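Here are some exercises to work through with the model open beside you. Try each task before you read its solution.

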Amino acid sequence: MDKNFFKKSSNFIKKEGFYVVLFLCLCIVASIAAITSRNSKINSDKTPKTQVEETADNNTEETTSQIPNAEVVTEDKDEAKVEDKEASKSQNSQPVASTTNQFINPVQGEIVRGYSGINPVWVDTMDHWRTVKGIDIASAVGADVKAVADGVVENVLNDKTVLGQYVQIKHANGLVTIYSNLDEKVSVKIGDTVKQGQVIGKVGKTATTFIEEKYGDHLNFQVINTTKNEQVDPTGYLSLKVADKSK
């Protein structure tokens, strides 16, 4: 009986052994595949984040941490605006030194030759066209000529032609005024400090280049902006009427 059992078992193994071995091999392969898949999953969980992911996370953290600061900055700006407004009000409430010269008229009369700048004008005395500096104000010979603003006398001279006897005064803010065609007997000298309205001389007939103008006796008045080194129109600094014939 044992021999028959052994013989039957041996025949079974010979016939079915191939399938058993194949089954075992499949089991082993399946087990290895399962283990490999599991290890791969574990390793992927432990893989360091990429630079992009880390950057995204950092940006998220920075954005989150910046939100309170942004609110503080906004509050600071609002406070700064309020402070600026208060400072502005404070400054406006305090007296501020004038940045413009308030001139008085050097003489009383009408403007008989307006400002022409670099454009030539007709000169009756010389019977030709030429440039003329400043403006001419009709005024009788002997009329008082006054300093239009506080200043210091820079020059007193008689060129006996274009300007004749003249006085040059330096004022604040880089402005200089020149009073020409004066009488030779002036009331100031170089270096004198003058006050607004102070008489510095009298209208004369010393500017021989313009002694025979149709509009008659006059004071020539100039304003120079030394910060720009240029002549400016004096008309805007004065409150004189322009004569009809000069239009």
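**Exercise 1.** Find the salt bridge that the side chain of R113 makes, and work out which parts of the chain it links.

*Solution.* Step one: look for the partner. The side chains of R113 and E213 meet in a salt bridge at 2.8 Å, N to O; the term stands for a side-chain nitrogen of Lys or Arg within 4 Å of a carboxyl oxygen of Asp or Glu. Before going on, keep in mind that this is a predicted model, where local features need pLDDT of at least 70 and side-chain atom pairs count only at pLDDT 80 or more, while totals for chains, interfaces and linings use all residues. Residues are numbered from 1 along each chain as its sequence is written, and side-chain values use heavy atoms, with hydrogens and water left out.

R113 sits in strand 1 (residues 111-113) and E213 in the loop between strand 10 (199-202) and strand 11, so the pair links distant parts of the chain, 100 residues apart. Strands here (E, at least two residues), like helices (H or I, at least four), are DSSP runs numbered from the N terminus.

Step three: check the cover. R113 counts as buried because its relative accessibility is 9%, and E213 counts as buried because its value is 6%. The classes are buried under 20% relative accessible area, exposed over 50%, and partly exposed in between (1.4 Å probe, protein chains only).

**Exercise 2.** Which residues are linked with R113 in a network of salt bridges, and what else does D136 touch?

*Solution.* Start with the network: R113, D136 and E213 are linked in it. Now go to D136, which lies in strand 4 (residues 135-138). D136 counts as buried because its relative accessibility is 2%. Then go through its side-chain partners. A polar contact of 2.4 Å joins the side chain of D136 to that of Y215, and another, of 2.8 Å, goes to the side chain of N220. A polar contact is a pair of N or O atoms within 3.5 Å; within protein, one must be able to donate a hydrogen and the other to accept it, and residues adjacent in sequence count only if both atoms are side-chain atoms.

**Exercise 3.** Which strands pair with strand 6?

*Solution.* Strand 6 (residues 151-158) runs antiparallel to strand 9 (residues 193-194), with 2 bridges joining them. Two strands pair if DSSP finds at least two bridges between them. In this pairing, V152 stands opposite T193.

On to strand 7 (residues 165-170): strand 6 and strand 7 pair in the antiparallel sense over 6 bridges. Here N158 has Q165 as its bridge partner. The hairpin of these strands has 6 residues between them, and K160 takes a positive phi near 65° there.

**Exercise 4.** How many aromatic pairs does a search of the whole structure find, and how are the rings of Y179 and F221 arranged?

*Solution.* The search gives 3 aromatic pairs. Y179 and F221 form a tilted pair, 5.4 Å centre to centre with 55° between the planes. The rule: rings of Phe, Tyr and Trp (its six-membered ring) pair if their centres lie within 6.5 Å, with planes under 30 degrees apart counting as stacked, over 60 as edge-to-face and the rest as tilted. Y179 is in strand 8 (residues 175-182) and F221 in strand 11 (residues 218-225), 42 residues apart. Both Y179 and F221 are buried.
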